[in-house]
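Me: I would like a close look at a single part of this model. Please take it slowly and stay with what the coordinates give.

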Amino acid sequence: MGVASKFLITSAFMWILPFAILYGFNHKLCPAGCDALSAESVTLWGGIIAVISVNVVIALYIYAAMREPSTKHEPDPRFVSNARISLK
């Protein structure tokens with residue numbers, strides 16, 4: 001999977017997941033036990049979990065980026081030689 005597709009999938013999850021969580025909490029699709037909470041509490045907990053979900057998606061994206069092989073990204077030898085020449 002390429003870098004662009006990973007970025008697009010992660011971006012989609014960062015938009016869809018929080019809205020889905022908020023929708024689920026506000027329309028009584030949340031897990032059992034939410035029925036005893038007030039409407040404000042349900043909205044508050046839905047927002048907190050939505051924010052946490054975005055942070056989890058970001059952490060997973062960083063983890064996937066860290067697992068990329070480091071040998072895959074080699075600098076251009078011509079660029080490196082020109083940079084060394086410009087330093088002298």
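How far apart are the end C-alpha atoms of helix H2, and what span should its 28 residues have at 1.5 Å a residue?

Reply: The model is predicted, so local features need pLDDT of at least 70 and side-chain atom pairs count only at 80 or more, while totals for chains, interfaces and linings use all residues. Residues are numbered from 1 along each chain as its sequence is written, and side-chain values use heavy atoms, without hydrogens or water.

The end C-alpha atoms of H2 are 41 Å apart. At 1.5 Å a residue its 28 residues should span 40 Å, which agrees. (A helix is a DSSP run of H or I of at least four residues, numbered from the N terminus; its expected span is 1.5 Å times one less than its number of residues.)

Five names make up the buried set of H2: Val42, Gly46, Ala50, Ser53 and Val57. (Buried means under 20% relative accessible area, exposed over 50%, partly exposed in between, with a 1.4 Å probe and protein chains only.) Isoleucine 48, also in H2, is partly exposed, because its relative accessible area is 34%.

What lies over the buried residues of H2 includes H1. The cover works in the other direction too: H2, residues 39-66, is part of what covers the buried residues of H1. Those residues of H1 are Thr10, Pro18, Ile21, Gly24 and Phe25.

Leaving aside residues up to four places away in sequence, threonine 10 touches Val57 and Tyr61 (contact is heavy atoms within 4.5 Å). Val57 is itself among the buried residues of H2.

Tryptophan 15 counts as exposed, because its relative accessibility is 61%, and phenylalanine 19 is exposed at 53%. These two are 4 residues apart in H1, so about one helical turn separates tryptophan 15 from phenylalanine 19. An α-helix has 3.6 residues a turn, so residues three or four places apart point the same way.

H1 itself runs over residues 3-26, 24 residues in total. From its first C-alpha to its last it reaches 35 Å, close to the 34 Å expected at 1.5 Å a residue. Just after H1, lysine 28 takes a positive phi of about 60 degrees.
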